[in-house]
Amino acid sequence: MSTTDTAVGDIAANEVRHRTVEVQGLRVFYREAGDPAKPTLVLLHGFPTSSAMFRNLLRDLADSYHLVAPDHIGFGQSAMPPVGDFPYSFEKLTEITVGLLDALGVGRFALYIQDYGAPIGLRIAGREPERVTAIISQSGNAYLEGFTPFWKVLFAHAKDRAANEAEVRTLLEAEATRWQYTHGVPADRLDRLTPDTWTLDQAYLDRPGNKEIQLQLFWDYQFNLDGYPGFQEYFRTHRPPVLVAWGKNDEIFGADGARAYSRDLPDAEIHLLDAGHFALETHGAEIAALIRDFLGRKVS
């Protein structure tokens, strides 16, 4: 192959591909970048976003890693069956994610978990620890210490949906979606935020039937807490390499949730960034550098 051909091939390998695969009869959309022969990093997004949150990180790391970022069912470009036709739960979203990885032939992989991605990714890790090479947590909670006052109404909703639904629905409106991106961001980095993020997220939330899906997942979140002891036992037993890159100003999952990882993983590398819940939007270069250094040392 000529030098020119090699350069073109490298560029193509680093481009983000947008694909779909069918899992259990449902369309699962995912973004993919990098060479599948290289170590794989699976990126699991949270609420209210989609794999679009990883759009820059995919390109930043594609030269060294194979990256796969799916949209969960009910989010982004993946299928969105009505609540009555699909059992929306974190258990089911985990099952679909494993099905996607199996369909793609991904055997071993590191996990990047953020928000909703944490209970999904940690279920996978706890059940198939031999497949998980490392974990990167960005506001990916696994400890009770991480919950902030933001969760008060959500936990009330879990106990009494009818009495609290009206207040919880405000979390699905444009002002709340924008706040998820803007809170905790230092003034000198506010101009790094693109309005495209919360505008896209809100467009997905405003699709007919989507708010009912989100309400169901809000309610189901309570059962993730039942899994925390198991997640923590997985940490103690298997000692996966863990990098925590967390916005210290996050008002959804607080910094205490980041620090708590050290209880069961004394070797965890914990970095509290001057950022909010969506730290990748303002500290993407810093997080990419942390990941590159961490995986370079921990994953061959």
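A: Thr-40 counts as buried, because its relative accessibility is 11%, under the 20% cut-off. Keep in mind that this is a predicted model. Thr-40 sits in strand 3, and, if you skip the neighbours within four places in sequence, its contacts are His-66, Val-106, Arg-108, Phe-109 and Ala-110.

Strand 3 (40-44) also turns up as part of the cover over helix 4, so let's go there next. Helix 4 spans residues 117-127 and is mostly covered, with nine of its 11 residues buried. Those are Gly-117, Ala-118, Pro-119, Ile-120, Gly-121, Leu-122, Arg-123, Ile-124 and Ala-125. Besides strand 3, the cover over these buried residues includes helix 3, strand 5 (109-113), strand 6 (132-137), helix 10 (222-226) and helix 11 (228-238).

On the helix 3 side you'll find Phe-90, Glu-91, Leu-93, Thr-94, Thr-97 and Val-98, and they meet Pro-119, Ile-120, Arg-123, Ile-124 and Arg-127 of helix 4. Sorted by class, that contact has six nonpolar, two polar and three charged residues.

Now zoom out to the core. The largest nonpolar core has 60 residues, and the members touching the most others are Ile-73, Ile-135, Phe-218, Phe-235 and Tyr-261. Helix 3 (residues 90-103) gives this core its largest share, six residues. A separate core of 35 residues lies apart from it, with Tyr-112, Val-185, Leu-193 and Leu-273 among its members.

Not counting residues up to four places away in sequence, Tyr-261 touches Ile-113, Ser-137, Gly-140, Asn-141, Ala-142, Tyr-143, Phe-235, Val-242, Val-244, Trp-246 and Ile-270. Phe-235 in that list is itself one of the core members with the most contacts to other members.

One last stop, for contrast in how burial is laid out: helix 8 (residues 196-205). Its buried residues are Thr-197, Trp-198, Asp-201, Gln-202, Tyr-204 and Leu-205. Looking down the axis of helix 8, they fall within an arc of 155°, so they line one face of the helix. An α-helix has 3.6 residues a turn, so residues three or four places apart point the same way. The buried residues of helix 8 pack against helix 2 (55-61), helix 7 (174-182), helix 9 (210-220) and helix 14 (279-298).

Definitions and conventions. Residues numbered from 1 in each chain as written. Predicted model: local features only at pLDDT ≥ 70, side-chain atom pairs only at ≥ 80, totals over all residues. Heavy atoms only, no water. Core = buried A, V, L, I, M, F, W, Y, C linked by side-chain atoms within 4.5 Å. Buried < 20%, exposed > 50% of the residue type's maximum accessible area, 1.4 Å probe, protein only. Helix = DSSP H or I, 4+ residues; strand = E, 2+ residues; numbered from the N terminus. Contact = heavy atoms within 4.5 Å. Nonpolar A, V, L, I, M, F, W, Y, C, P; charged D, E, K, R; others polar. Arc of directions from axis to C-beta.
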